[in-house]
Amino acid sequence: MTYVARKERYDTMKYNYCGNSGLKISAISLGLWHNFGDANSHENSRTMIRRAFDLGITHFDLANNYGPPPGSAEVNFGRILRDDFKGYRDEIVISTKAGYRMWPGPYGDFASKKYLVASIDQSLKRMGLDYVDIFYHHRPDEMTPLEETMGALDGIVRQGKALYIGLSNYKPDQAKKAFAILTALGTPCLIHQPRYSMLDRWIEDGLLTLLEDAGVGCIAFSPLGKGMLTNRYLYGVPEDSRAASQSTFLKSEDITENLILKVAMLNKIAEQRKQSMAQLALAWVLRNKQMTSVLIGASKVSQIDDCVGALQRLDFTVEELDAIDRILENH
Ligand SMILES: NC(=O)c1ccc[n+]([C@@H]2O[C@H](COP(=O)([O-])OP(=O)(O)OC[C@H]3O[C@@H](n4cnc5c(N)ncnc54)[C@H](OP(=O)(O)O)[C@@H]3O)[C@@H](O)[C@H]2O)c1
């Protein structure tokens, strides 16, 4: 059946300006790192994208290597765009990235102009797009001069293959230098994509202040700690979970007794706030005024519904924040 987006999709979602730019991004964005590759059910992937858009999520985040196999998330997303979203391209912000290993040899990885230009062309082809909204350099590279990488990103924007540039996983000192080069070239950095959650607070040590000063937006990836900051593992490791799949990035061994103790205590605070654990974790990330969006992953439509529900209660009392800090520090 032809997909027609829900009329009310913009009624309850929150949209934040991305740094000093004129681009607004939904406070919840959906990432396609897991669950959108060839190894996954295409119907489930398609249903999740449709539901996300119906709930007002306008931003979908990809990378050249998402799958498995690498590249298949872009191919599958392109198919969904063609099948269901023909009239909606101008309502959607699509990002992709390059920086990790994508093809064999010295030009399939890291940060050279040779790699970045080839990678954006490949991504556009896989998704069937003329341009992406945001093109990211996925990770910093000590060996390539920043001038070369930023020059390549600026060139990609000038060629119309991306509207904006983002950087991911750059530490504050690297980000500061990169922002200065991009600004001098006339393509200021739009957004930074760091990992940030209750389990990993490194961006509070300098990066958030830098982003505020530079007018660059921030989108936090893995805000649910890859699923650990939800009710997913409170009573064991479910068979259909990411940890059970023993992925390189989350293994059942990571679900320690100490983690579960901590999450159970946080979950009590969530219950008092009439929220799910996932909703508490997302609201907590969004409490930072520099935070443009939280970039979630999902394996089921019900998880997207639950996550979007976080927006119903974003405020925190000082007592709640203190109680959360104590749990995170002491356990
Ligand atoms: N720039 C980078 O280097 C980088 C790195 C990593 C990720 N990312 C981006 O960030 C996105 C999100 O990363 P992530 O998937 O690790 O994020 P996450 O939101 O921390 O974790 C997502 C996982 O949490 C579980 N989940 C989600 N909502 C839930 C809910 N309401 N209740 C219970 N469980 C729930 C699901 O686990 P199950 O699958 O077990 O159901 C889901 O797959 C990626 O898709 C990608 O776009 C970027």
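Helices, of at least four residues, and strands, of at least two, are DSSP runs numbered from the N terminus.

The model is predicted. Its chain has ten helices and ten strands. The radius of gyration is 19 Å, close to the 20 Å that the globule rule gives for 331 residues, so the chain is as compact as a globular protein of that length. Along the principal axes, the C-alpha atoms fill a box of roughly 50 × 50 × 40 Å. Of the 331 residues, 44% are buried. Among contacts between residues at least 6 apart in sequence, 76% join residues at least 24 apart.

The shell around the ligand holds 30 residues, of which Gly31, Trp33, Gly227, Thr230 and Gly297 come nearest. The largest share, three residues, comes from α9. By class, the shell has 15 polar, ten nonpolar and five charged residues.

Strand β10 also contains Met291. Met291 has 20 other C-beta atoms within 10 Å, and is therefore buried. Neighbours within four places in sequence aside, Met291 is in contact with Cys218, Ala220, Val285 and Leu286. Ile94 lies 197 residues from Met291 in sequence. In space, the two are 18 Å apart, C-alpha to C-alpha.

Notes
Residues are numbered from 1 along each chain as its sequence is written. This is a predicted model: local features need pLDDT of at least 70, side-chain atom pairs count only at pLDDT 80 or more; totals for chains, interfaces and linings use all residues. The radius of gyration is taken over C-alpha atoms; the globule rule is 2.2 Å times the number of residues to the power 0.38. A residue is buried if 20 or more other C-beta atoms lie within 10 Å of its own, exposed if 12 or fewer, and partly exposed in between; C-beta atoms are placed from the backbone. Two residues are in contact if their C-beta atoms, placed from the backbone, lie within 7 Å. A residue is near a molecule or strand if its C-beta atom, placed from the backbone, lies within 6 Å of it. Ala, Val, Leu, Ile, Met, Phe, Trp, Tyr, Cys and Pro count as nonpolar, Asp, Glu, Lys and Arg as charged, and the others, Gly among them, as polar.
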